[in-house]
Amino acid sequence: MNALSSMRKSMHSLTRRDEVFEFLKPDVHPAIDTRHNILLYVEGVNKSFDGFKAINDLNLYIKEGELRCIIGPNGAGKTTMMDIITGKTKPDTGEVWLGSNINLLKMNEAEIANAGVGRKFQKPTVIECLSVWQNLELAMSGVRSVWGTFTARMTGEQKDKLLSVLELIHLKDEAQNNAGNLSHGQKQWLEIGMLLMQNPKLLLVDEPVAGMTHQEMDRTSELLNSLAGKHSVVVVEHDMDFVRSIASHVTVLHQGHVLAEGTMDQVQAHPEVKQVYLGE
């Protein structure tokens, strides 16, 4: 039984139909102008909520193929920043561009996803009643009507891509197992794999190792490092040992503003970072 037939039979167990269809995004990413080697521009962004300034003149630049870690204390603006980039929240002022030609502030969430921006939330949102293979198949990019979703068959090229993603996310041996039976760490990898099926240019990954075992953390480090170069990856994380294992460049946010940037050694030695984040 293929994923689409199984999904039809399992639909009654899903609380919301759009939990399935949110992944069916067309593979028609617009051309992104990265001639200056910058994939994401966040410039002069401000956002207040009921008088609280969550983002304060934020400027952030992510290079093409870069793996960047964002750290900072609770309330630093990390989640609001990702909400703005993905269209969930609109800033009061400022600009957000994908490359130098795609204005993300003029797009809704679906359009931003289709432009090549993928986001993995802290809590995995896999479809637990379907197998690992079926989750990846449903997430596969391609222009589909709703009816086409139920009748489509994978091409050889699509199957090869799915197999390569399974290998990359360390779930080849779990392909036929239900996603609900995976460990917490494996669900995190599966969700990253579902994003990769969309061929995103930019991945935003929120606290990927929270709740993981040390072995799962090591594998997650390996996975994210393997994505750099092919994708730009922005990781928000609190675990400093994990950040050190993956990031050559770290940005520290504080009160919605960039407090420091540089290597892990550089930001850890920064006097203000020591004071507001590391508690020294």
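Which residue forms a salt bridge with Lys120, and how far apart are the closest N and O atoms? In this predicted model, in which local features need pLDDT of at least 70, side-chain atom pairs count only at pLDDT 80 or more, and totals for chains, interfaces and linings use all residues, the partner of Lys120 is Glu191, with the closest N and O atoms 3.8 Å apart. Residues are numbered from 1 along each chain as its sequence is written, and side-chain values use heavy atoms, with hydrogens and water left out. The pair links distant parts of the chain, given that Lys120 lies in strand β6 (residues 117-120) and Glu191 in helix α8 (residues 184-196), 71 residues apart. Helices (H or I, at least four residues) and strands (E, at least two) are taken here as DSSP runs, numbered from the N terminus. Lys120 has a relative accessibility of 0% and therefore counts as buried, and Glu191, with a relative accessible area of 4%, is buried as well; buried denotes under 20% relative accessible area, exposed over 50%, and partly exposed the range in between (1.4 Å probe, protein chains only).

The protein chain contains twelve helices and ten strands, and buried residues make up 53% of its 280 residues. Among the contacts with a separation of 6 or more, 70% are accounted for by residues 24 or more positions apart, a contact being defined by heavy atoms within 4.5 Å. The chain exposes about 13000 Å², of which carbon and sulfur atoms supply 48%, as computed by the Shrake-Rupley method with a 1.4 Å probe; for residues, only the protein chains shown count as cover.

A search of the whole structure finds ten salt bridges, each requiring a side-chain nitrogen of Lys or Arg within 4 Å of a carboxyl oxygen of Asp or Glu. In one of them, Asp92 is paired with Lys47, the closest N and O atoms being 3.7 Å apart. Because Asp92 lies in the loop between α3 (78-85) and β4 (93-98) whereas Lys47 belongs to strand β1, this pair ties together parts that are 45 residues apart in sequence. Asp92 is partly exposed at 45% relative accessibility, while Lys47 is buried, with a relative accessible area of 13%. In another salt bridge, the side chains of Asp265 and Arg244 meet at 2.9 Å, N to O; Asp265 is in helix α11 (residues 264-269) and Arg244 in helix α10 (residues 240-246), so the pair ties together parts that are 21 residues apart in sequence. Arg244 counts as partly exposed, at 40% relative accessibility. Glu66, Arg68 and Glu261, in turn, are linked in a network of salt bridges.

Helix α8, which holds Glu191, also packs with helix α9 (residues 214-227) at an angle of about 15°, with the two axes 10 Å apart. The two helices α8 and α9 are therefore roughly parallel to each other. Axes are lines fitted to C-alpha atoms, for helices over the stretch in contact, and angles run from 0 to 180 degrees between N-to-C directions; angles under 35 degrees count as roughly parallel, over 145 as roughly antiparallel, 65 to 115 as roughly perpendicular and the rest as oblique. From α8, the residues Gly185, Gln186, Trp189, Ile192 and Leu196 meet Glu216, Arg219, Thr220, Leu223, Leu224 and Leu227 of α9.

Thr34 is located in the loop between α2 (18-21) and β1 (38-49) and counts as buried, at 16% relative accessibility. When its neighbours within four places in sequence are left aside, Thr34 is in contact with Leu39, Glu64 and Gly99.
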